[in-house]
Amino acid sequence: MTKALFVVSEEGYWGEECVEPLESLSNAGVEITVATPSGNPPKIDERSIDPEEVGEDTAEHVQEVHETDERLNDPIPTARADADDYDVVVFPGGHGTEWDVNQDRDARRLLRDAVEGDDGKALVVCHAVGILGFARDSHGAFIVNGRDVTGFPNAWEETIVDEDDRMPSGRKLPYWVEDEVKAAGGNWDAELEQETSVTVDGDLITARGPESSSAAAETLLEELDV
């Protein structure tokens, strides 16, 4: 059986970016385990279940899955996860990832081992792509160096934070995803002229944001031959 590990934020994941791949893979018969940095249940970004932000149907469905999915409500700590046990490691996005997942050494280890393994793959979505600005391979080089990637672009971030990089909640955003990934050597193209953006570079798959969640899941299933 094909197995997937979802590494989800406790600081605020974007609902659709987790739920869409989670359900798509589940429906295809993939066995899914959820991990968070501390092993506590992930927290959802309230904006991703706001009907005015995402639409009433999406908000209602995502909130229901967040509240009732046993895997999301009973995660394991990332420290106890081994990428070799899974065919793919999935990193859903959300601003919250900037404070926990992207800075978690075990999450970075899981990403490294997934893309360096013989058969593993990684799907990284939206703000979670920021992990590529910090994760290094087994030789100490940035994993993203020389790779083609997409992710949450500066052009969109500018519409969310204020002039002091503060989120609507008042919390300061520690870094901008596009800047960090470029600085680590990534070949960045968020394909802003396209409705969706999913990029495959070897065993690394990246997706731009919520509207690319479905396409990302479809691409991942194709790459897994499921």
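Okay, Asp225 to start: this residue is exposed, because its relative accessible area is 71%, and exposed here means over 50%, buried under 20%, partly exposed in between, with a 1.4 Å probe and protein chains only. Before I go on, this is a predicted model, where local features need pLDDT of at least 70, side-chain atom pairs count only at pLDDT 80 or more, and totals for chains, interfaces and linings use all residues. Residues are numbered from 1 along each chain as its sequence is written, and side-chain values use heavy atoms, with hydrogens and water left out.

Back to Asp225. You'll find Asp225 in the segment after helix 8, and its phi is positive, about 60°, although it is not a glycine. Most residues other than glycine have a negative phi. Asp165 is another one to look at: its phi is near 65°, again positive and again not a glycine. Asp165 sits in the loop between helix 6 (154–157) and helix 7 (177–183). When I say helix or strand, I mean DSSP runs numbered from the N terminus: H or I with at least four residues for helices, E with at least two for strands.

Now helix 8 itself. Its twelve residues should span 16 Å at 1.5 Å a residue, and the end C-alpha atoms are 16 Å apart, so that agrees. The expected span, by the way, is 1.5 Å times one less than the number of residues. Buried in helix 8 are Ser213, Ala215, Ala216, Ala217, Thr219, Leu220, Leu221 and Leu224. What covers them? Helix 1, strand 4, strand 5, strand 8 (198–201) and strand 9 are included in the cover.

So let's do the helix 1 pairing. Helix 1 (residues 15–27) and helix 8 (residues 213–224) pack at about 35°, with axes 9 Å apart. Those axes are lines fitted to C-alpha atoms, for helices over the stretch in contact, and the angles run from 0 to 180 degrees between N-to-C directions. On the helix 1 side the contact uses Glu16, Glu17, Glu20, Pro21, Ser24 and Leu25, and on the helix 8 side Ser213, Ser214, Ala217, Leu220 and Leu221. Contact means heavy atoms within 4.5 Å.

Helix 5 next, residues 105–116. Asp106, Ala107, Arg109, Leu110, Leu111, Ala114 and Val115 are its buried residues. They pack against strand 1 (3–7), strand 4 (88–91), strand 5 (121–125) and strand 9 (204–207).

Asp106 gets us to Ser9. The two are 97 residues apart in sequence and 13 Å apart in space, C-alpha to C-alpha. Ser9 lies in the loop between strand 1 and helix 1, and Ser9 counts as buried because its relative accessibility is 0%. Leaving out residues up to four places away in sequence, Ser9 touches Pro42, Lys43, Gly96, Thr97, Asp100 and Val101.
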